[in-house]
Amino acid sequence: MMGLVYKDIMVQGRTLRYYLIFMLVYVVLVFAGVFDTFILGTFAVVMAMLLPMSSMAYDDQVKWDAYAAAAPGGRKKVVAGKYLFTLGVVLASGAAALILMLALYVLGRTEMPMGELLITLGACMEVGLLINSVILPLIFKFGAEKSRAISLG
């Protein structure tokens with residue numbers, strides 16, 4: 001199962017680097033006073049939603065289902081690997097946002113108390129998990145393209 005998570009990380013490597021660059025741009029904008037610190041928590045939610053969905057879209061493009069059916073663990077391990085990847089993305093994006101929020105707090109670039117920042121970040125991470133708990137079963141059932149239409153409709 002960890003091999004499946006590793007596969008997803010490698011497939012999303014370039015995307016992860018782009019998201020890191022975007023997050024750093026947002027930190028500069030927060031530091032400049034353009035955005036509030038809450039944008040970092042929101043960005044963590046966006047990363048938590050988009051990375052697993054795009055990972056499954058890439059799997060659909062290369063017909064990964066045929067390989068997954070032949071995997072030693074079967075489809076159960078593939079599904080568990082996707083959920084583990086999603087949890088890892090949520091935790092990693094939350095940790096990155098937390099580090100950046102702490103840095104902004106220490107530098108005095110936010111007026112909010114630390115407790116409020118932590119509660120907001122926790123709520124954003126929970127929203128990311130909630131959205132994924134709805135969208136991932138749809139993607140497994142209908143595929144990436146059809147589930148987008150279903151989730152938007």
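Colleague: Which residues make the nonpolar surface patch of about 530 Å²?

Modeller: Happy to start there, and keep in mind that this is a predicted model. The patch has an area of about 530 Å². Its members are Met-1, Met-2, Leu-84, Leu-87, Leu-91 and Leu-129.

Colleague: Which helix gives the most to the nonpolar patch?

Modeller: Let's look at what each part of the chain brings. Leu-129 is found in helix 6, which covers residues 114–142. The most comes from residues 74–106, with three residues, and that stretch is helix 5.

Colleague: Is Leu-129 buried, partly exposed or exposed?

Modeller: The relative accessible area of Leu-129 is 36%. Buried means under 20% and exposed means over 50%. Leu-129 falls in between, so it counts as partly exposed.

Colleague: Is Thr-86 buried or exposed?

Modeller: Thr-86 lies in helix 5. Its relative accessibility is 3%, and the cut-off for buried is under 20%. Therefore Thr-86 counts as buried.

Colleague: What separates the C-alpha atoms of Tyr-105 and Met-125?

Modeller: Tyr-105 is found in helix 5, and it is partly exposed, with a relative accessible area of 37%. Met-125 is 20 residues apart from Tyr-105 along the chain, and their C-alpha atoms are separated by 19 Å.

Colleague: Why are the buried residues of helix 1 on the same side?

Modeller: In helix 1, residues 2–11, the buried residues are Leu-4, Val-5, Lys-7 and Asp-8. They are on the same side of helix 1 because the arc they cover around the axis is only 155°.

Colleague: Which residues are exposed on the other side of helix 1, and what covers the buried ones?

Modeller: On that other side, Met-2, Gly-3, Tyr-6 and Met-10 are exposed. The cover over the buried residues of helix 1 includes helix 3 (38–61), helix 4 (64–70) and helix 5.

Colleague: What is the phi of Lys-63 near?

Modeller: Lys-63 lies in the loop between helix 3 and helix 4, and it is exposed, with a relative accessible area of 60%. Most residues other than glycine have a negative phi. Lys-63 has a positive value instead, near 55°.

Terms used. Residues are numbered from 1 along each chain as its sequence is written. This is a predicted model: local features need pLDDT of at least 70, side-chain atom pairs count only at pLDDT 80 or more; totals for chains, interfaces and linings use all residues. Side-chain values use heavy atoms; hydrogens and water are left out. Patches are made of residues with over 30% relative accessible area and no salt bridge: like charges are joined within 9 Å, nonpolar side chains (Val, Leu, Ile, Met, Phe, Trp, Tyr) within 5 Å. Accessible areas come from the Shrake-Rupley method with a 1.4 Å probe; for residues, only the protein chains shown count as cover. A salt bridge is a side-chain nitrogen of Lys or Arg within 4 Å of a carboxyl oxygen of Asp or Glu. Helices (H or I, at least four residues) and strands (E, at least two) are DSSP runs, numbered from the N terminus. Buried means under 20% relative accessible area, exposed over 50%, partly exposed in between (1.4 Å probe, protein chains only). The arc is that of the directions from the helix axis to the C-beta atoms. Contact means heavy atoms within 4.5 Å.
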